[in-house]
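Student: Could you go through this structure with me, a piece at a time?
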Amino acid sequence: MLKARLIRLDDQAHEHTHDHHQLVLSLSGRAEFEVNGRGGEVCRMRACLVPGDADHQFAGVGDNRMLILDLDELDTPSEDLELLTHLFETPRYPQLDADFQNLLSYAGAELERYGSDPMLARALGGVLLRALHLRLFGERQARPGGRWTWNGWMPISASIWCGASASQSWPRSPASAPAISMPSSRTASA
């Protein structure tokens with residue numbers, strides 16, 4: 001099960017252990033973490049992966065807003081367990097690129113608006129986990145027969161909302177994805 005929370009981490013240092021994995025992401029501000037003796041900072045450019053049962057200490061630094069994904073392996077499909085095992089095999093402080101930061105900002109805004117919706121929280125949390133996994137370990141290959149796999153966390157009903165029929169797997173291969181064109185009057189801004 002996946003739960004998403006938006007919180008401010010207190011400036012006071014805290015220490016605890018729990019049996020579920022945690023992904024800690026900063027929407028604003030920063031926090032100091034130490035997981036199994038390995039220290040690091042969580043900020044807009046760096047996350048923290050806390051394996052289940054890992055001793056960890058943390059403290060917010062000034063004004064901060066964190067998105068925390070709690071990941072319990074109970075009732076998790078086997079292909080998702082494989083992803084979680086790989087992602088949380090060791091404490092990590094992965095660097096986040098600009099595209100991931102944009103995705104994180106979007107997820108944070110949606111959770112702020114509709115945070116009481118557990119299906120939205122699971123879907124957005126799953127997208128963040130999968131995007132982070134791809135950045136750390138690379139892309140998945142097509143299965144024999146050319147079918148691409150999503151590797152879980154996105155409920156079937158959510159894939160239908162996104163326009164997938166029951167016979168399609170997501171994401172689509174790049175060759176079959178629809179082209180998106182932008183009006184020529186739009187310009188990029190910093």
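Predicted model: local features only at pLDDT ≥ 70, side-chain atom pairs only at ≥ 80, totals over all residues.

Student: How do α1 and α3 cross, and at what angle?
Tutor: Helix α1, residues 78-87, and helix α3, residues 118-137, have axes that come within 11 Å and cross at roughly 55°, and the two helices are therefore oblique to each other.

Student: Is that crossing left-handed or right-handed?
Tutor: The crossing of α1 and α3 is left-handed.

Student: Which residues meet there?
Tutor: From α1 there are Leu83, His86 and Leu87, which meet Leu129, Arg130, His133, Leu136 and Phe137 of α3; by class, the contact has five nonpolar, two polar and one charged residues.

Student: Switching topic, is His56 buried or exposed?
Tutor: His56, which sits in strand β6, residues 56-71, is buried, because its relative accessible area is 0%.

Student: And what does His56 touch?
Tutor: Leaving aside residues up to four places away in sequence, His56 touches His14, Glu15, His16, Thr17, His18, Gln22, Glu34, Val35 and Val50. With His18 there is also a polar contact of 3.2 Å between the side chains.

Student: Where is Ser28, then, and how accessible is Ser28?
Tutor: Ser28 belongs to strand β3, residues 21-35, and counts as partly exposed because its relative accessibility is 33%.

Student: How far is Ser28 from Cys43?
Tutor: They are 15 residues apart in sequence, and the C-alpha to C-alpha distance is 7.1 Å.

Conventions:
Residues numbered from 1 in each chain as written. Heavy atoms only, no water. Axes fitted to C-alpha atoms, helices over the stretch in contact; angles between N-to-C directions. Helix = DSSP H or I, 4+ residues; strand = E, 2+ residues; numbered from the N terminus. Parallel < 35°, antiparallel > 145°, perpendicular 65-115°, else oblique. Left-handed = near helix turned anticlockwise from the far one by under 90°. Contact = heavy atoms within 4.5 Å. Nonpolar A, V, L, I, M, F, W, Y, C, P; charged D, E, K, R; others polar. Buried < 20%, exposed > 50% of the residue type's maximum accessible area, 1.4 Å probe, protein only. Polar contact = N/O pair within 3.5 Å; in protein donor to acceptor, adjacent residues only side chain to side chain.
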